[in-house]
Amino acid sequence: MTDLTLTLEAFALNARVNEFLLDHLTPDDLSVSDGRGGMTVARMLSHMGASRGGWLLEMAPEFAASTLALTGGTDPWRWHTTDPARLRAMLRVGDEAALQAVRAYAASGTPFADPHGVGTFHTRPALFLTYMTVHDAGHRGQIVTLLRHAGASSERLDALEAAWAIWRHPLSLSEETA
(Lines give C-alpha, C1' and ligand atoms only; values in the text may rest on other atoms or scores of the structure.)
Protein backbone atom coordinates (compact mmCIF):
# COMPACT_ATOMS: atom_id res chain seq x y z
CA MET A 1 0.00 0.00 0.00
CA THR A 2 1.16 3.53 -0.79
CA ASP A 3 2.07 5.73 2.18
CA LEU A 4 -0.48 8.53 2.02
CA THR A 5 0.66 10.43 5.11
CA LEU A 6 2.07 13.56 3.46
CA THR A 7 -0.63 13.68 0.81
CA LEU A 8 -3.36 13.41 3.45
CA GLU A 9 -1.74 16.07 5.57
CA ALA A 10 -1.41 18.46 2.62
CA PHE A 11 -5.02 17.85 1.63
CA ALA A 12 -6.18 18.54 5.21
CA LEU A 13 -4.19 21.78 5.22
CA ASN A 14 -5.76 22.72 1.89
CA ALA A 15 -9.19 22.25 3.48
CA ARG A 16 -8.18 24.55 6.33
CA VAL A 17 -7.06 27.21 3.86
CA ASN A 18 -10.40 26.92 2.02
CA GLU A 19 -12.21 27.32 5.36
CA PHE A 20 -10.04 30.34 6.19
CA LEU A 21 -10.97 31.97 2.89
CA LEU A 22 -14.68 31.30 3.40
CA ASP A 23 -14.44 32.74 6.92
CA HIS A 24 -12.99 35.97 5.52
CA LEU A 25 -15.33 36.58 2.59
CA THR A 26 -18.31 38.89 2.85
CA PRO A 27 -21.65 38.29 1.10
CA ASP A 28 -20.76 41.11 -1.32
CA ASP A 29 -17.49 39.38 -2.20
CA LEU A 30 -19.38 36.41 -3.61
CA SER A 31 -20.75 38.47 -6.50
CA VAL A 32 -17.39 39.98 -7.50
CA SER A 33 -16.27 39.12 -11.03
CA ASP A 34 -13.87 40.49 -13.58
CA GLY A 35 -16.74 42.22 -15.40
CA ARG A 36 -15.74 40.47 -18.62
CA GLY A 37 -17.72 37.26 -18.36
CA GLY A 38 -15.40 35.41 -15.98
CA MET A 39 -16.63 33.45 -13.02
CA THR A 40 -17.81 35.24 -9.91
CA VAL A 41 -16.19 34.39 -6.59
CA ALA A 42 -19.26 32.28 -5.71
CA ARG A 43 -19.02 30.40 -9.00
CA MET A 44 -15.32 29.69 -8.43
CA LEU A 45 -16.03 28.38 -4.94
CA SER A 46 -18.94 26.31 -6.29
CA HIS A 47 -16.64 24.87 -8.94
CA MET A 48 -13.94 24.12 -6.37
CA GLY A 49 -16.32 22.15 -4.19
CA ALA A 50 -18.31 20.39 -6.89
CA SER A 51 -15.28 19.41 -8.97
CA ARG A 52 -14.50 16.65 -6.47
CA GLY A 53 -17.86 15.05 -7.20
CA GLY A 54 -17.45 15.64 -10.92
CA TRP A 55 -14.17 13.76 -11.00
CA LEU A 56 -15.49 11.04 -8.72
CA LEU A 57 -18.44 10.44 -11.05
CA GLU A 58 -15.92 9.67 -13.77
CA MET A 59 -13.42 7.54 -11.89
CA ALA A 60 -15.06 6.21 -8.72
CA PRO A 61 -18.81 6.80 -8.97
CA GLU A 62 -19.51 4.79 -5.84
CA PHE A 63 -17.99 7.68 -3.86
CA ALA A 64 -19.92 10.53 -5.55
CA ALA A 65 -23.31 10.10 -3.84
CA SER A 66 -22.70 12.60 -1.04
CA THR A 67 -21.75 15.37 -3.46
CA LEU A 68 -24.69 14.56 -5.74
CA ALA A 69 -26.98 14.83 -2.73
CA LEU A 70 -25.83 18.43 -2.24
CA THR A 71 -26.32 19.29 -5.91
CA GLY A 72 -29.84 17.84 -5.85
CA GLY A 73 -28.75 15.37 -8.50
CA THR A 74 -27.53 18.12 -10.82
CA ASP A 75 -24.35 17.48 -12.77
CA PRO A 76 -21.61 18.71 -10.39
CA TRP A 77 -19.91 20.57 -13.23
CA ARG A 78 -23.03 22.72 -13.59
CA TRP A 79 -23.81 23.19 -9.89
CA HIS A 80 -23.65 26.69 -8.46
CA THR A 81 -24.70 28.43 -5.29
CA THR A 82 -24.17 31.80 -3.66
CA ASP A 83 -25.00 30.47 -0.20
CA PRO A 84 -21.85 30.43 1.96
CA ALA A 85 -23.15 27.54 4.09
CA ARG A 86 -23.80 25.40 1.00
CA LEU A 87 -20.38 26.30 -0.43
CA ARG A 88 -18.74 25.26 2.82
CA ALA A 89 -20.78 22.04 2.94
CA MET A 90 -19.86 21.12 -0.64
CA LEU A 91 -16.16 21.62 0.02
CA ARG A 92 -16.34 19.51 3.18
CA VAL A 93 -18.44 16.73 1.65
CA GLY A 94 -16.34 16.71 -1.52
CA ASP A 95 -13.14 16.51 0.49
CA GLU A 96 -14.46 13.58 2.53
CA ALA A 97 -15.64 11.74 -0.57
CA ALA A 98 -12.28 12.30 -2.27
CA LEU A 99 -10.44 11.03 0.81
CA GLN A 100 -12.60 7.92 1.03
CA ALA A 101 -12.09 7.15 -2.66
CA VAL A 102 -8.34 7.63 -2.56
CA ARG A 103 -7.93 5.55 0.59
CA ALA A 104 -10.03 2.72 -0.83
CA TYR A 105 -8.36 2.64 -4.21
CA ALA A 106 -4.85 3.02 -2.80
CA ALA A 107 -5.47 0.19 -0.32
CA SER A 108 -6.86 -2.12 -2.99
CA GLY A 109 -4.20 -1.30 -5.57
CA THR A 110 -7.02 -0.86 -8.07
CA PRO A 111 -6.65 2.07 -10.45
CA PHE A 112 -9.36 4.67 -10.83
CA ALA A 113 -11.57 4.14 -13.87
CA ASP A 114 -10.82 6.26 -16.93
CA PRO A 115 -13.91 5.75 -19.11
CA HIS A 116 -13.29 8.76 -21.35
CA GLY A 117 -9.50 8.51 -21.59
CA VAL A 118 -8.94 11.84 -19.86
CA GLY A 119 -6.30 10.65 -17.42
CA THR A 120 -8.11 10.14 -14.14
CA PHE A 121 -5.13 9.54 -11.88
CA HIS A 122 -5.39 5.83 -12.65
CA THR A 123 -1.74 5.04 -11.96
CA ARG A 124 -1.63 6.70 -8.51
CA PRO A 125 -4.99 7.60 -6.95
CA ALA A 126 -3.34 9.82 -4.30
CA LEU A 127 -2.41 12.27 -7.05
CA PHE A 128 -6.11 13.20 -7.18
CA LEU A 129 -5.73 14.86 -3.77
CA THR A 130 -2.63 16.72 -4.93
CA TYR A 131 -4.46 17.81 -8.07
CA MET A 132 -7.39 19.14 -6.00
CA THR A 133 -4.97 21.02 -3.72
CA VAL A 134 -3.26 22.71 -6.68
CA HIS A 135 -6.62 23.33 -8.38
CA ASP A 136 -7.98 25.03 -5.25
CA ALA A 137 -4.83 27.12 -4.83
CA GLY A 138 -5.17 28.43 -8.38
CA HIS A 139 -8.77 29.48 -7.80
CA ARG A 140 -7.95 31.02 -4.42
CA GLY A 141 -5.35 33.14 -6.18
CA GLN A 142 -7.95 34.20 -8.74
CA ILE A 143 -10.35 35.10 -5.93
CA VAL A 144 -7.81 37.30 -4.17
CA THR A 145 -6.93 38.95 -7.49
CA LEU A 146 -10.62 39.66 -8.16
CA LEU A 147 -10.98 41.18 -4.69
CA ARG A 148 -7.88 43.32 -5.28
CA HIS A 149 -9.25 44.58 -8.60
CA ALA A 150 -12.64 45.22 -6.97
CA GLY A 151 -10.95 47.60 -4.52
CA ALA A 152 -10.38 45.51 -1.40
CA SER A 153 -8.23 47.41 1.06
CA SER A 154 -4.60 46.52 1.54
CA GLU A 155 -5.41 45.62 5.17
CA ARG A 156 -8.07 43.18 4.01
CA LEU A 157 -5.75 41.63 1.44
CA ASP A 158 -3.02 41.34 4.08
CA ALA A 159 -5.50 39.54 6.33
CA LEU A 160 -6.15 37.02 3.54
CA GLU A 161 -2.41 36.47 3.21
CA ALA A 162 -2.46 35.15 6.77
CA ALA A 163 -3.72 31.87 5.29
CA TRP A 164 -0.09 31.05 4.47
CA ALA A 165 0.52 30.52 8.19
CA ILE A 166 -1.70 27.44 8.00
CA TRP A 167 0.91 25.77 5.80
CA ARG A 168 3.82 26.81 8.01
CA HIS A 169 2.26 25.78 11.33
CA PRO A 170 0.18 22.68 10.61
CA LEU A 171 -1.45 20.58 13.26
CA SER A 172 -0.43 16.97 13.29
CA LEU A 173 -2.32 14.72 10.89
CA SER A 174 -4.00 12.93 13.80
CA GLU A 175 -5.48 16.23 14.96
CA GLU A 176 -6.56 17.14 11.44
CA THR A 177 -8.36 13.92 10.63
CA ALA A 178 -9.87 13.23 14.06
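Trainee: Which residues of H5 are buried?

Mentor: Phe128, Leu129, Met132, Thr133, His135, Asp136, His139, Arg140, Ile143, Val144, Leu146 and Leu147. Buried means under 20% relative accessible area, exposed over 50%, partly exposed in between, with a 1.4 Å probe and protein chains only. This is a predicted model: local features need pLDDT of at least 70, side-chain atom pairs count only at pLDDT 80 or more, and totals for chains, interfaces and linings use all residues. Residues are numbered from 1 along each chain as its sequence is written, and side-chain values use heavy atoms, leaving out hydrogens and water.

Trainee: What covers the buried residues of H5?

Mentor: The cover includes helices H1 (5-24), H2 (41-59), H4 (84-108), H6 (154-161) and H7 (164-168). Helices are DSSP runs of H or I with at least four residues, numbered from the N terminus.

Trainee: How does the reach of H5 from its first C-alpha to its last sit against the expected value?

Mentor: H5 spans residues 127-149, 23 residues, and reaches 33 Å. The expected span is 1.5 Å times one less than the number of residues. That gives 33 Å here, so the reach is close to what is expected. After H5 comes Gly151, with a positive phi near 100°.

Trainee: Why is Val102 called buried?

Mentor: Its relative accessible area is 0%, so Val102 is buried. Val102 sits in helix H4. Leaving out residues up to four places away in sequence, Val102 touches Leu4, Phe112, Pro125, Ala126, Phe128 and Leu129. Touching, or contact, means heavy atoms within 4.5 Å.

Trainee: Which residues have the most contacts inside the largest nonpolar core?

Mentor: Leu56, Met59, Ala60, Val102, Phe112, Phe128 and Leu129, in a core of 22 residues. H1, H2, H4 and H5 each supply at least two of its residues. H4 gives the largest share, 7 residues. A nonpolar core is a set of buried Ala, Val, Leu, Ile, Met, Phe, Trp, Tyr and Cys residues joined through side-chain atoms within 4.5 Å.

Trainee: Why does Arg140 have no salt bridge?

Mentor: A salt bridge needs a side-chain nitrogen of Lys or Arg within 4 Å of a carboxyl oxygen of Asp or Glu. The nearest side chain of opposite charge to Arg140, Asp136, is 4.5 Å away, so no salt bridge is counted.

Trainee: What joins the side chains of Arg140 and Asn18?

Mentor: A polar contact of 2.7 Å. The definition asks for a pair of N or O atoms within 3.5 Å; within protein, one must be able to donate a hydrogen and the other to accept it, and residues adjacent in sequence count only if both atoms are side-chain atoms.

Terms used: Lys, Arg positive; Asp, Glu negative; His and termini not counted.
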